[in-house]
Amino acid sequence: MTAPLIDPFARAITYLRVSVTDRCDFRCVYCMSENMTFLPKKELLTLEELDRMCSTFVGLGVEKLRITGGEPLVRRDIMTFFNGMTRHLDSGALKELTLTTNGSQLERFADQLYAAGVRRVNISLDTLDDQKFADITRWGRLPQVLRGVDAAQKAGLRVKINAVALKGFNEDELPTITAWCAERDMDLTWIEVMPMGDLGNEDRLGQYWSLKDVRARYAEHYTVTDLAERTGGPARYVRLEETGQKIGFITPLSHNFCESCNRVRLTCTGELYMCLGQEDMADLRAPLRAAPQDSAPLEEAIRAAINLKPKGHDFDYSRQRLDGQMPRHMSHTGG
Ligand code: SAM
Ligand code: SF4
């Protein structure tokens with residue numbers, strides 16, 4: 001059996017996030033500029049290459065794949081990729097196949113995703129107000145996403161809502177969004193907004209709202225209990241005693257989860273980022289394309305990259321000059 005991927009700090013790498021496209025049908029103000037330039041198609045891994053790449057990782061012990069983007073469901077023929085991954089679920093090598101989506105295409109894809117073996121989906125939704133939704137996503141329309149949420153639940157997919165916490169934007173909706181998730185039996189996670197690249201959004205809606213403040217806001221409405229549970233990722237959880245709901249908080253760049261970090265990220269061009277907070281990356285597309293019939297060079301490149309996975313990252317939001325700011329967009333690395 002091939003040796004699993006273990007980094008220099010004895011962390012087993014079992015979780016791969018894969019961005020399958022940098023394109024999107026929305027233009028969320030914190031994520032993309034309105035006139036975003038996308039990568040030329042030839043730069044992107046083809047669906048076959050994505051399959052080979054992910055299958056190689058699965059062969060090396062990756063048990064969880066999260067598909068993201070850009071908007072993964074706008075990639076043409078994306079179901080071919082999901083259907084390809086089903087064989088790894090069937091063999092038991094892959095334990096979970098999941099995706100993060102803006103929900104706009106779920107009405108069309110929910111049943112097919114379930115059939116491919118997807119059981120859980122994260123849907124990003126920051127507001128339940130039609131006008132605010134149109135403002136924050138620029139091109140998105142709330143009713144379409146709500147139909148997507150319905151379709152996902154109807155198909156049998158477990159839904160988690162991810163909301164970016166924005167001061168002065170969805171602050172007042174905290175009780176409404178929380179109650180809506182409770183009614184529909186959906187988990188809810190708040191994400192702290194990160195400064196990503198130069199989006200030219202001087203008109204940025206809302207501002208940084210620290211999750212500490214979000215938690216404090218919950219405490220005004222509910223009895224909040226901290227939970228010890230961690231998932232190897234940046235989320236922390238609390239339970240609202242009145243409703244029994246578990247609420248997650250993701251501070252994407254906080255240091256406090258580095259020691260348990262089990263994940264790496266693959267961009268749609270085949271770059272492997274070992275840490276969300278650092279620029280170190282390895283190009284896996286070159287070894288993949290150089291030897292289409294032989295996965296040994298790719299495996300070697302993956303192992304070499306994992307050997308470089310840093311212990312942790314250095315990013316401090318409190319610094320005035322956001323020195324740790326990363327030039328790449330989340331739509332490229334995959335959120
Ligand atoms: N398009 C899909 C979606 O929106 O769910 C998947 C890709 S998107 C880049 C993944 C996640 O990143 C979304 O939940 C989005 O809200 C989040 N995101 C994007 N830009 C962000 C930023 N600057 N700070 C924090 N979260 C961000
Ligand atoms: Fe698209 Fe997701 Fe970025 Fe919004 S957050 S622009 S939906 S990739």
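Ligand 2 has Cys 24, Phe 26, Cys 28, Cys 31, Met 32, Gly 70 and Asn 102 around it, where a residue is near a molecule if one of its heavy atoms lies within 4 Å of it. This shell divides into 5 nonpolar, 2 polar and no charged residues. In that division Ala, Val, Leu, Ile, Met, Phe, Trp, Tyr, Cys and Pro count as nonpolar, Asp, Glu, Lys and Arg as charged, and the others, Gly among them, as polar.

The model is predicted: local features need pLDDT of at least 70 and side-chain atom pairs count only at pLDDT 80 or more, while totals for chains, interfaces and linings use all residues. Residues are numbered from 1 along each chain as its sequence is written, chains are lettered from A and ligands numbered from 1 in the order in which they are written, and side-chain values use heavy atoms, with hydrogens and water left out.

**Surroundings of ligand 1**

Around ligand 1 there are 18 residues, and the closest are Tyr 30, Gly 70, Glu 71, Ser 124 and Met 194. By class, this shell comprises 8 nonpolar, 8 polar and 2 charged residues. Strand S3 (96-101) and strand S6 (187-192) each contribute at least two residues to the shell; strands (E, at least two residues) and helices (H or I, at least four) are DSSP runs numbered from the N terminus.

| Residue (backbone N or O atom) | Atom of ligand 1 | Distance |
|---|---|---|
| Gly 70 | nitrogen | 3.0 Å |
| Thr 101 | oxygen | 3.2 Å |
| Met 194 | nitrogen | 2.7 Å |

Of the 540 Å² of accessible area that ligand 1 has on its own, the protein covers 95%. Accessible areas come from the Shrake-Rupley method with a 1.4 Å probe; for residues, only the protein chains shown count as cover.

**Aromatic pairs**

The count comes to 5 aromatic pairs. Rings of Phe, Tyr and Trp (its six-membered ring) pair if their centres lie within 6.5 Å, and planes under 30 degrees apart count as stacked, over 60 as edge-to-face and the rest as tilted. One of the pairs joins Trp 190 and Trp 209 edge-to-face, at 6.1 Å centre to centre with 70 degrees between the planes. Trp 190 belongs to strand S6, whereas Trp 209 lies in the loop between strand S7 (207-208) and helix H7 (211-221), 19 residues apart. Both Trp 190 and Trp 209 are buried, that is, under 20% relative accessible area, with exposed over 50% and partly exposed in between (1.4 Å probe, protein chains only).

The ring centres of Tyr 218 and Phe 249 are 6.3 Å apart and the planes stand at 80 degrees, so this pair is also edge-to-face. It connects helix H7, which holds Tyr 218, with strand S10, which holds Phe 249, across 31 residues. Tyr 218 is buried, with a relative accessible area of 0%, and Phe 249 is buried at 8%. Together with Tyr 222, Tyr 218 and Phe 249 form one aromatic cluster.

**Annotated cysteines**

An unreviewed UniProt entry places the feature "binding site" at Cys 258, Cys 261 and Cys 275. UniProt positions follow the numbering used here, feature names are shortened, and annotations may be inferred rather than shown by experiment. Cys 258 sits in the loop between strand S10 (245-250) and strand S11 (263-266) and is buried at 7% relative accessibility. Cys 275 sits in the loop between strand S12 (271-273) and strand S13 (281-283), and Cys 275 is buried at 10%.

Note on methods. A polar contact is a pair of N or O atoms within 3.5 Å; within protein, one must be able to donate a hydrogen and the other to accept it, and residues adjacent in sequence count only if both atoms are side-chain atoms.
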